[in-house]
Amino acid sequence: MKKGILFLILFFLVVCKGTGQILQGYVKTLEEKPVSQAHVILLNSDLKVVAHAVSGDDGFFLITSVKKGVYKLNISCVGFEVLQQDILIEERE
């Protein structure tokens, strides 16, 4: 079975809410079609899950209260290859 490839459009918003940043974005195919029900998992340097979300029908996901640091973002969905990407969350004023 041939698997599709996930593509991530990621936005970091600077929102002063509590102690962290907001991480949001869209999961899409290379053809720019939204991927619904994709599991978006944020792992710390010890590879422990610190946050997760599931994309909506439009591919949009939202993770709140993300503290500054280096993370591994893991995105998976049935029928697609797993996308893994290292990301850096910086503290903003």
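**Labels and their grounds**

Modeller: Start with the fold. This is a predicted model. The protein chain has zero helices and seven strands. Along the sequence the pattern is β-β-β-β-β-β-β.

Colleague: How much of the protein chain counts as buried?

Modeller: Of its 93 residues, 33%. The accessible surface is about 6100 Å², and carbon and sulfur atoms account for 53% of that.

Colleague: What share of the contacts between residues at least 6 apart in sequence joins residues at least 24 apart?

Modeller: That share is 48%.

Colleague: Why is serine 55 called buried?

Modeller: Its relative accessible area is 1%. The cut-off for buried is under 20%. Therefore serine 55 is buried. It is found in the loop between strand S4 (49–54) and strand S5 (60–66).

Colleague: Which residues is serine 55 in contact with, leaving aside neighbours within four places in sequence?

Modeller: Val35, Ser36, Gln37, Ala38, Phe60 and Phe61.

Colleague: What makes the approach of serine 55 to alanine 38 a polar contact?

Modeller: A polar atom of the serine 55 side chain lies 2.9 Å from the backbone nitrogen of alanine 38. The limit for such a pair is 3.5 Å. The distance falls within it.

Colleague: Why does phenylalanine 60 count as partly exposed?

Modeller: Its relative accessibility is 27%. Buried needs under 20% and exposed needs over 50%. The value lies in between, so phenylalanine 60 is partly exposed. This residue is in strand S5.

Colleague: How do you know that the charged end of lysine 28 sits over the ring of tyrosine 26?

Modeller: The charged end is 5.5 Å from the ring centre. The distance limit is 6 Å, with an angle condition of 35 degrees from the ring normal. The pair is listed as charge over ring. As for aromatic pairs, a search of the whole structure finds one.

Colleague: Where is confidence lowest, and where is it highest?

Modeller: Strand S1 (residues 6–17) is lowest, with a mean of 48, and S4 is highest, at 96. Over residues 11–17 the pLDDT is below 50, yet this stretch has 20 contacts in the model beyond near neighbours in sequence. Where pLDDT is low, predicted coordinates should not be read in detail. The protein chain averages 81, and 77% of the residues score at least 70.

Notes
Residues are numbered from 1 along each chain as its sequence is written. This is a predicted model: local features need pLDDT of at least 70, side-chain atom pairs count only at pLDDT 80 or more; totals for chains, interfaces and linings use all residues. Side-chain values use heavy atoms; hydrogens and water are left out. Rings of Phe, Tyr and Trp (its six-membered ring) pair if their centres lie within 6.5 Å; planes under 30 degrees apart count as stacked, over 60 as edge-to-face and the rest as tilted. Helices (H or I, at least four residues) and strands (E, at least two) are DSSP runs, numbered from the N terminus. Buried means under 20% relative accessible area, exposed over 50%, partly exposed in between (1.4 Å probe, protein chains only). Contact means heavy atoms within 4.5 Å. Accessible areas come from the Shrake-Rupley method with a 1.4 Å probe; for residues, only the protein chains shown count as cover. A polar contact is a pair of N or O atoms within 3.5 Å; within protein, one must be able to donate a hydrogen and the other to accept it, and residues adjacent in sequence count only if both atoms are side-chain atoms. pLDDT is the predictor's confidence in each residue, from 0 to 100.
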